[in-house]
Amino acid sequence: MGGQLYYSTKVPHKKEFGEVIRFLEGQIEKSNVDVRLSTEVTPALIEEIGPDAVIVATGARPAVPFTPGIEKPHVHTALDVLNQDVILTGRTAVLGAGLVGLETALFLIENKVSPLIVIEPTDNVGGNVGLRSGWIVRNEVTNCSDIEVRTRTTVEEVKDHSLVLQKEGKFEELEVENVVIATGMRNNNELMESLRASKLVKEIYSVGDCNFPRTVRSAMEEAAFASRAV
Ligand SMILES: Cc1cc2nc3c(=O)[nH]c(=O)nc-3n(C[C@H](O)[C@H](O)[C@H](O)COP(=O)(O)OP(=O)(O)OC[C@H]3O[C@@H](n4cnc5c(N)ncnc54)[C@H](O)[C@@H]3O)c2cc1C
């Protein structure tokens, strides 16, 4: 997940992920794979390298809703928060009560940011989170007195110091200092599309979230199949 990874002390499966990632990093160090960090792959770079095959694994990007005011400077994505690209203080609203929204809320609480208001348009808290992970995350959030989850509530507008909320036709203005977007991810398939259009490489595979956002497991499965097919 991006250049960095979020290991929660509150969500046990994140610690397990940490071990898997450290193992994979160790394996890469031992191998003769040429890893080039801080390098954006473009069709021009592919032309320069001239590979026989390309496996594209460019992942996904946050899906930002079209809410008026969403571009304001106090609005950040959950990834910005989890990667600690921004440090927040004060009353914060998290938009979306799926896995990422709930984990972001727990992460903020761990980092002494409170109170938190998680806003979700449906009445589904925890989204499609699997049984064990879902139970752990939901339980942590429910037991935290500094997190309030508001379901069946939509955000109609982001103002400088507040959000305009709507629940069942009733409007309310909620004062907040920060807004964090956790409203899902969108596949990042631009490189894949431009490589296909350029016809620079005969063999191209796309794996993981750049096809559509899912889980670590599906990304690793697709990567294993693609690497064997090359
Ligand atoms: C906050 C959060 C929590 C999650 N928690 C879980 C979880 O608990 N369990 C689970 O199974 N899944 C979880 N997921 C989903 C999981 O992280 C993804 O399914 C998985 O990381 C997808 O792997 P990937 O390799 O396809 O993409 P990513 O891990 O996103 O990696 C894509 C990489 O490609 C790089 N890149 C993009 N464009 C270019 C380019 N042009 N040139 C070079 N590099 C480029 C990016 O910088 C990034 O490093 C979570 C996702 C998020 C956002």
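**Ligand shell, sheet and loops**

Mentor: Begin with the ligand: the shell around it takes at least three residues from each of domain 1 (12-60 + 186-229) and domain 2 (64-183). Keep in mind that this is a predicted model.

Trainee: How many residues surround the ligand, and which are the closest?

Mentor: The ligand is surrounded by 26 residues, and Val41, Gly59, Gly208, Thr215 and Ala219 are the closest. Helix H3 (78-82), helix H4 (99-110) and helix H7 (216-229) are the elements that give two or more residues to this shell. By class, the shell holds 14 nonpolar, eight polar and four charged residues.

Trainee: What separates the centres of domain 1 and domain 2?

Mentor: Taken over C-alpha atoms, the centres of domain 1 and domain 2 are separated by 30 Å. For scale, the C-alpha trace of the chain spans about 60 × 35 × 30 Å along its principal axes.

Trainee: What does the chain contain in helices and strands?

Mentor: There are seven helices and twelve strands in the chain. Of the 230 residues, 25% are buried. Among contacts with a separation of 6 or more, 69% are between residues 24 or more positions apart.

Trainee: How do I read a sheet, and in which order do the five strands of the open sheet run?

Mentor: In general, strands of a sheet pair through backbone hydrogen bonds, either parallel or antiparallel. Here the order is E3-E10-E4-E5-E6, with parallel pairing in an open sheet.

Trainee: Over how many bridges do E3 and strand E10 pair?

Mentor: The parallel pairing of E3 with strand E10 (residues 178-181) runs over three bridges. Thr77 has Ile181 in E10 as its bridge partner. On this sheet packs H4, which touches strand E4 (92-95), strand E5 (116-119), E6 and E10. The direction of H4 makes about 175 degrees with that of E5.

Trainee: Is the peptide bond from Ser114 to Pro115 cis or trans?

Mentor: That bond, from Ser114 to Pro115, is cis, and its omega is near -5 degrees. Pro115 belongs to the loop between H4 and E5.

Trainee: What is the phi of Glu168, and where does Lys199 lie?

Mentor: For Glu168, phi is near 45 degrees, a positive value in a residue other than glycine. Glu168 sits in the loop between strand E8 (162-167) and strand E9 (170-175). Lys199, also not a glycine, has a positive phi of about 55 degrees. The loop that holds Lys199 is between helix H6 (190-198) and strand E12 (203-206).

Trainee: How far apart are Ala44 and Leu195 in sequence and in space?

Mentor: Ala44 and Leu195 are 151 residues apart in sequence, and their C-alpha atoms are 9.7 Å apart in space. Ala44 is part of helix H2 (residues 43-49). Ala44 has 10 C-beta neighbours inside 10 Å, so this residue counts as exposed.

Key
Residues are numbered from 1 along each chain as its sequence is written. This is a predicted model: local features need pLDDT of at least 70, side-chain atom pairs count only at pLDDT 80 or more; totals for chains, interfaces and linings use all residues. Helices (H or I, at least four residues) and strands (E, at least two) are DSSP runs, numbered from the N terminus. A residue is buried if 20 or more other C-beta atoms lie within 10 Å of its own, exposed if 12 or fewer, and partly exposed in between; C-beta atoms are placed from the backbone. Two residues are in contact if their C-beta atoms, placed from the backbone, lie within 7 Å. A residue is near a molecule or strand if its C-beta atom, placed from the backbone, lies within 6 Å of it. Ala, Val, Leu, Ile, Met, Phe, Trp, Tyr, Cys and Pro count as nonpolar, Asp, Glu, Lys and Arg as charged, and the others, Gly among them, as polar. Domain bounds come from an automatic or database domain assignment. Two strands pair if DSSP finds at least two bridges between them. Axes are lines fitted to C-alpha atoms, for helices over the stretch in contact, and angles run from 0 to 180 degrees between N-to-C directions.
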